[in-house]
Amino acid sequence: MRTKSPSAPHRCVKCGRQMRKATFDGLGPKCRQKVRRATRSPELAAYKPHLVDKAVELLEMGGVLLLRKSSKNRVYVALSSDGTGTYLAARAACTCPAGLKAIHMCAHRIAAHAFDLAS
């Protein structure tokens, strides 16, 4: 007779709904669809196309997770491009080297913007 091993239920990192099985990015199917739809938003057309492509790739890999949500803003943890480090990102700022210089918008901030649009 088989017995199920006790494990914590898997929850979507965006909305908190319970999922049947874990996913690579932590998103449930409805939230993943909302994020994909947000990446095609006309609001993201204002950014450089190659950075939008990097942000979309980052979102599809599950490299952006919500860290903190307040009434004013949301803070995300974003994976670096080489995969060795993480940065704190929001729509207004990012702790990556390009975000600290603030000359151009970085891919982490664009990914945070797309994640916000999916809400």
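Two strands are said to pair if DSSP finds at least two bridges between them, and the strands themselves (E, at least two residues), like the helices (H or I, at least four residues), are DSSP runs numbered from the N terminus. In these terms, strand β3 (residues 64-69) and β4 run antiparallel and are joined by five bridges. The model is a predicted one, in which local features need pLDDT of at least 70 and side-chain atom pairs count only at pLDDT 80 or more, while totals for chains, interfaces and linings use all residues. Residues are numbered from 1 along each chain as its sequence is written, and side-chain values use heavy atoms, with hydrogens and water left out.

The protein chain holds four helices and five strands, and from the N terminus on their order is β-β-α-α-β-β-β-α-α. Along its principal axes the C-alpha trace spans about 60 × 30 × 30 Å. Of the 119 residues, 37% count as buried, where buried means under 20% relative accessible area, exposed over 50% and partly exposed in between (1.4 Å probe, protein chains only). The accessible surface, from the Shrake-Rupley method with a 1.4 Å probe, comes to about 8,200 Å², and 54% of this belongs to carbon and sulfur atoms. If contact is taken as heavy atoms within 4.5 Å, then among the contacts between residues at least 6 apart in sequence, 35% join residues at least 24 apart.

In soluble globular proteins, nonpolar side chains tend to be buried together. Here the largest nonpolar core has 28 residues, and those with the most contacts inside it are L27, V35, L59, V64, I110, A111 and F115. The elements that give two or more residues to this core are α1 (29-39), α2 (49-60), β4 (74-79) and α4 (107-117). A nonpolar core is here a set of buried Ala, Val, Leu, Ile, Met, Phe, Trp, Tyr and Cys residues joined through side-chain atoms within 4.5 Å. For V35, leaving aside neighbours within four places in sequence, the contacts are K14, L27, L59, F115 and A118.

Helix α4 is largely enclosed by the rest of the structure, because ten of its eleven residues are buried. The buried residues include I110, A111 and F115 as well as H108, R109, H113 and D116, and what covers the buried residues of α4 includes α1, α2, β3, β4 and β5 (86-89). H113 has a relative accessible area of 5% and is therefore buried; beyond four places in sequence, H113 is in contact with E43, L44, Y47 and R91. D116 also lies in α4 and, at 15% relative accessibility, counts as buried, while its contacts, with residues up to four places away not counted, are R74, Y76 and R91.

Y76, one of these contacts of D116, leads back to the strands, where Y76 stands opposite A89 in β5. Four bridges join β4 to β5, and these two strands run antiparallel. They form a hairpin with six residues between them, and G83 in the turn has a positive phi of about 85 degrees.

T39, in helix α1, counts as buried at 16% relative accessibility, and its contacts, leaving aside neighbours within four places in sequence, are L44, V56, L59 and A114. The C-alpha atoms of T39 and A55 are separated by 8.5 Å, although these residues are 16 apart along the chain. D25 is found in the loop between β2 (18-19) and α1 and is buried, with a relative accessibility of 5%. D25 touches V13, R32, G62 and L65, not counting residues up to four places away in sequence, and its C-alpha atom is 9.1 Å from that of C12, a residue 13 places apart from D25 in sequence.
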